[in-house]
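Please open the structure in your viewer and keep the selection panel at hand. The tour below goes from stop to stop, and each stop begins with something to select.

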Amino acid sequence: MPERRVLPVPEGLEGERVDAGLARLLGLSRSRAADLAAGGGVRVDGAVVGKSDRLRAGALVEVEMPDAATVPVPAEPVPGMRVVHDDDDLVVVDKPVGVAAHPSPGWTGPTVVGGLAAAGYTIATSGAAERQGVVHRLDVGTSGLMVVAKSEYAYSRLKRAFKDRTVDKVYHALVQGHPDPLTGTIDAPIGRHPQHDGKWAVTAAGKPSVTHYEVLEAFRAASLVEVHLETGRTHQIRVHFSALRHPCVGDLTYGADPVLAARLGLQRQWLHAVRLGFEHPGTGQWLELTSDYPADLATALDRLAGG
């Protein structure tokens with residue numbers, strides 16, 4: 001049976017959006033709180049509210065928290081998803097483009113969680129019901145390495161490692177133009193875009209976000225850069241390079257040139273998680289894995305190099 005939570009809105013949340021306020025009240029992610037509201041599971045003083053409605057101090061909030069069993073995670077094979085490391089504590093996959101990390105409202109495509117279930121993997125039950133075992137995510141349009149916890153102990157240790165920024169997350173991105181300087185750090189807070197739902201932006205009210213980069217190779221129209229993430233905000237690399245006016249090639253959502261994308265045959269942003277390193281939660285040994293560029297990104301790079 002779903003769990004029902006009832007609690008008053010404290011003075012400090014006066015005027016807060018429902019999703020933001022619920023996240024703070026219940027310790028949920030903001031996206032999880034938004035999903036609950038979108039599903040009609042949140043009432044304020046008896047009236048159903050949406051995620052962007054505002055809270056009133058002293059009002060009574062009722063929240064229906066679904067059971068893990070009520071959140072379907074379809075087990076379906078994911079073509080092209082490779083397991084690059086597997087042990088009792090964790091599994092690391094090389095995620096193809098077009099695959100989400102876990103189920104979410106409105107997404108009907110394949111997921112890493114569903115693909116692992118179809119392949120017979122049992123993953124940790126810690127975390128929100130639809131994203132159990134998931135300790136970090138890659139965008140649907142971003143390919144590369146992603147780790148999923150299999151044991152509860154591994155889940156807690158890996159979540160802590162990501163929070164403490166001790167995980168080495170390395171991406172390669174092809175960005176338009178030529179960043180100056182060739183090696184640098186982008187330190188700019190990221191929050192929800194004030195005008196566009198589903199987009200993010202550099203904003204004064206955002207969360208601290210730090211991206212380190214180094215140009216590996218410069219071409220006439222673009223540069224191949226290696227990126228080390230210090231933080232892990234949604235769309236962080238895409239937003240930071242867009243803010244520098246060097247969006248990822250093919251990333252039309254964040255201002256990339258559609259003509260260049262078409263010339264290189266790109267249907268998505270040129271962004272790949274090439275390396276992932278962390279202290280193994282079970283053995284304490286440093287584990288580092290790498291991933292080659294998938295065919296679409298390699299082809300685009302060859303076309304760019306050929307002029």
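Buried, in this tour, means under 20% relative accessible area, exposed means over 50%, and partly exposed lies in between, as found with a 1.4 Å probe and protein chains only. Helices (H or I, at least four residues) and strands (E, at least two) are DSSP runs, numbered from the N terminus. This is a predicted model, in which local features need pLDDT of at least 70 and side-chain atom pairs count only at pLDDT 80 or more, while totals for chains, interfaces and linings use all residues. Residues are numbered from 1 along each chain as its sequence is written, and side-chain values use heavy atoms, with hydrogens and water left out.

**The whole protein**

Begin with everything shown: the protein has 7 helices and 15 strands, and its C-alpha atoms fill a box of roughly 65 × 45 × 35 Å, taken along the principal axes. The radius of gyration, taken over C-alpha atoms, is compared here with a globule rule of 2.2 Å times the number of residues to the power 0.38. For 307 residues a compact globule would have a value near 19 Å, and the 20 Å of the protein agrees with that. Of the 307 residues, 48% are buried.

Next select residues 222-229, which form strand 13, a mostly covered strand with 7 of its 8 residues buried. Two strands are said to pair if DSSP finds at least two bridges between them. Strand 12 and strand 13 form a hairpin with 3 residues between them, and Ala218 has Ser223 of strand 13 as its bridge partner.

**Cys248**

Which loop holds Cys248? Select this residue, and you will find it in the loop between helix 5 (236-243) and helix 6 (258-263). Cys248 is buried, with a relative accessible area of 0%. Contact means heavy atoms within 4.5 Å, and, leaving aside residues up to four places away in sequence, Cys248 touches Ala173, Leu174, Val175, Ile237, Arg238, Ala256, Gln269 and Trp270.

**Strand 7**

Now move to residues 143-149, strand 7, where 7 of the 7 residues are buried, so the strand is largely enclosed by the rest of the structure. Strand 6 (residues 90-95) pairs with strand 7 in the antiparallel sense over 6 bridges, and Leu90 stands opposite Ala149 in strand 7. With strand 14 (residues 271-279), strand 7 pairs in the parallel sense over 2 bridges, and here Gly144 stands opposite Ala273.

**Helix 1 against helix 2**

For the last stop, select residues 18-26 and 30-38, helix 1 and helix 2, which pack at an angle of about 120° with their axes 8 Å apart. These axes are lines fitted to C-alpha atoms, for helices over the stretch in contact, and angles run from 0 to 180 degrees between N-to-C directions. The contact is made by Val18, Asp19, Ala20, Leu22 and Ala23 of helix 1 and by Arg30, Ala33, Ala34 and Ala37 of helix 2. Helix 1 is mostly covered, with 7 of its 9 residues buried, and Leu26 is one of the buried residues.
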